[in-house]
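The following exercises are to be worked with the sequence and the coordinates at hand. Each task is followed by a stepwise solution.

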Amino acid sequence: MSLRLARITLREIRMPLREPFEISSGRTTGRRILLLELADTDGATAWSECVAGEQPSYSAETVDTAWHAVTEWIAPRVLAAGISHPRTLDGALRRAIRGHPMARAAVEMGAWTLQAERDGVSLSRLLGGTRAEIATGISIGIQASPAVLAEKAGAALAQGYRRIKMKIRPGADIEFIAAARESLGPEAPLMADANSAYTLAHADHLADLDAYRLQMLEQPLAQDDLRRHAQLQDRLATPICLDESIPHADAAEDMLALRAGRIVNVKAGRVGGFTQALAIHDLCRRHAVPVWCGGMLESGIGRAANVALASLPNFTLPGDVSPSARYWERDVVTPEWTMDAAGMVAVPADRPGLGVTVDVDRVDDLTVRRRVLAAC
Ligand code: OSB
Ligand code: MG
């Protein structure tokens with residue numbers, strides 16, 4: 001059954017983080033989050049979240065560029081035409097609008113969620129998910145000292161997290177990782193994420209990380225540089241995982257052909273939505289390359305989308321889908337996302353759509369701007 005949208009409502013909400021989050025390119029103390037609510041002509045509705053950040057430090061997009069792109073270019077197109085199936089949206093939007101993947105993804109993922117609502121199935125089911133629960137990893141920002149990092153990582157393992165990711169940058173890397181490895185023991189599942197902070201000139205330095213037996217090293221080099229990632233991978237025993245360098249499924253194909261990495265961090269919001277995320281999942285599955293679901297400090301709405309995606313079969317490594325309380329004093333969904341003592345987050349596969357209820361009063365309280373775009 002095809003969809004016809006009547007309305008897209010944009011909101012910007014502000015949510016202070018419980019603790020600042022620092023990566024190699026910058027520090028976040030609170031999130032500005034663009035939320036969308038899609039409504040079809042029959043009155044069905046669905047929420048979605050844009051993963052764009054406050055600053056263009058992870059990629060070129062920001063909350064403000066996404067607001068602009070959705071308002072001016074993406075929503076008018078989607079409101080003017082019916083959607084035969086959400087899987088057709090990515091190609092149509094990609095052809096018309098260059099760049100702005102996070103803005104496109106917010107609308108595309110909302111259309112999938114609306115389809116799930118209309119079909120009365122969970123988003124997980126609609127996407128082809130098979131898992132009842134997701135193994136959860138934590139992403140720990142750059143800390144003041146190696147000792148502080150080791151202590152935080154230990155506390156996270158004690159809480160049940162099944163993998164610890166540590167953010168690194170030149171000047172805050174080897175000593176930090178060494179302290180965590182030393183304190184947590186040889187079997188602790190550790191990895192590092194550089195968010196493009198290094199160059200090939202650091203290859204020998206990065207090869208020293210091999211001694212700490214990390215599960216993977218995420219995105220050491222520049223976003224648009226698969227070739228040098230391949231050269232670096234050649235010199236490392238540690239598998240490289242790509243995040244920023246995979247903006248669509250063709251890039252994942254290039255990664256495989258060039259041997260630029262051995263694992264992919266899939267974020268639907270980074271790749272223009274679920275259609276490309278599914279294509280990357282399927283491609284990697286055919287090549288026996290594991291994937292995992294990344295996070296972008298989402299509210300409970302974006303987290304629901306991540307949990308649904310992470311329920312697909314080739315998401316075999318723990319995802320950055322930490323529970324609500326890791327980020328927020330209070331989330332915008334009920335129930336909040338929780339993790340059990342074994343580090344698992346349950347997939348709400350028996351509830352339609354996102355599987356959680358958006359607390360609209362809470363969203364209203366946090367909203368700093370709102371705009372309604374209607375079909376004419
Ligand atoms: O590189 O995965 C990343 C957060 C913001 C921007 C980039 C990244 C991250 C994370 C956070 O690692 C993961 C999470 O949401 O817990
Ligand atoms: Mg990353």
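**Exercise 1.** In which pocket does ligand 1 sit?

*Solution.* This is a predicted model, in which local features need pLDDT of at least 70, side-chain atom pairs count only at pLDDT 80 or more, and totals for chains, interfaces and linings use all residues. Residues are numbered from 1 along each chain as its sequence is written, chains are lettered from A and ligands numbered from 1 in the order in which they are written, and side-chain values use heavy atoms, with hydrogens and water left out.

Step 1. A pocket is an open set of points, on a 1 Å grid over the protein atoms alone, where a 1.4 Å probe fits, with protein on both sides within 12 Å along at least five of seven lines. A molecule sits in it if more than half of its atoms lie within 2 Å of its grid points.

Step 2. By this criterion, ligand 1 sits in the largest pocket.

**Exercise 2.** Identify the residues that come nearest to ligand 1, and list polar contacts of the ligand.

*Solution.* Step 1. A residue counts as near if one of its heavy atoms lies within 4 Å. There are 15 residues around ligand 1, and those that come nearest are Ser139, Asn195, Lys267, Leu297 and Tyr327.

Step 1. A polar side-chain atom of Tyr327 is 2.6 Å from an oxygen atom of ligand 1, and one of Lys167 is 3.0 Å from an oxygen atom of the ligand. Met296 contributes a backbone N or O atom, at 3.3 Å from a ligand oxygen.

Step 2. On its own, ligand 1 has 390 Å² of accessible area, of which the protein covers 96%; such areas come from the Shrake-Rupley method with a 1.4 Å probe.

**Exercise 3.** Which residues coordinate the magnesium ion (ligand 2), and how are they spaced in sequence?

*Solution.* Step 1. Donors are N, O and S atoms within 2.8 Å of the metal (3.2 Å for Na, K and Ca); water is not among the atoms, so sites may look incomplete. The donors here belong to Asp193 (OD), Glu218 (OE) and Asp243 (OD), at 2.1 to 2.3 Å.

Step 1. The spacing of these residues is D-x24-E-x24-D. Asp193 lies in strand E7 (residues 190-193) and Asp243 in the loop between strand E9 (240-242) and helix H9 (249-258), so the pair ties together parts that are 50 residues apart in sequence. Helices (at least four residues) and strands (at least two) are DSSP runs numbered from the N terminus.

Step 2. Asp193 and Asp243 are both buried, where buried means under 20% relative accessible area, exposed over 50%, and partly exposed in between (1.4 Å probe, protein chains only).

**Exercise 4.** Examine the backbone at Ser196, Leu297 and Pro335.

*Solution.* Step 1. Most residues other than glycine have a negative phi, and most peptide bonds are trans.

Step 1. Ser196 has a positive phi of about 65°. Ser196 belongs to the loop between E7 and H7 and is partly exposed, at 25% relative accessible area.

Step 2. Leu297 also has a positive phi, of about 55°. Leu297 is found in the loop between strand E11 (291-293) and helix H11 (300-310) and is buried, at 13%.

Step 3. The peptide bond from Thr334 to Pro335 is cis, with omega near -10°; Pro335 lies in the loop between E12 and E13.

How values were computed:
A polar contact is a pair of N or O atoms within 3.5 Å; within protein, one must be able to donate a hydrogen and the other to accept it, and residues adjacent in sequence count only if both atoms are side-chain atoms. On a 1 Å grid over the protein atoms alone, a cavity is a set of points where a 1.4 Å probe fits but cannot get out, and a pocket is an open set with protein on both sides within 12 Å along at least five of seven lines; lining residues have an atom within 4 Å of a point.
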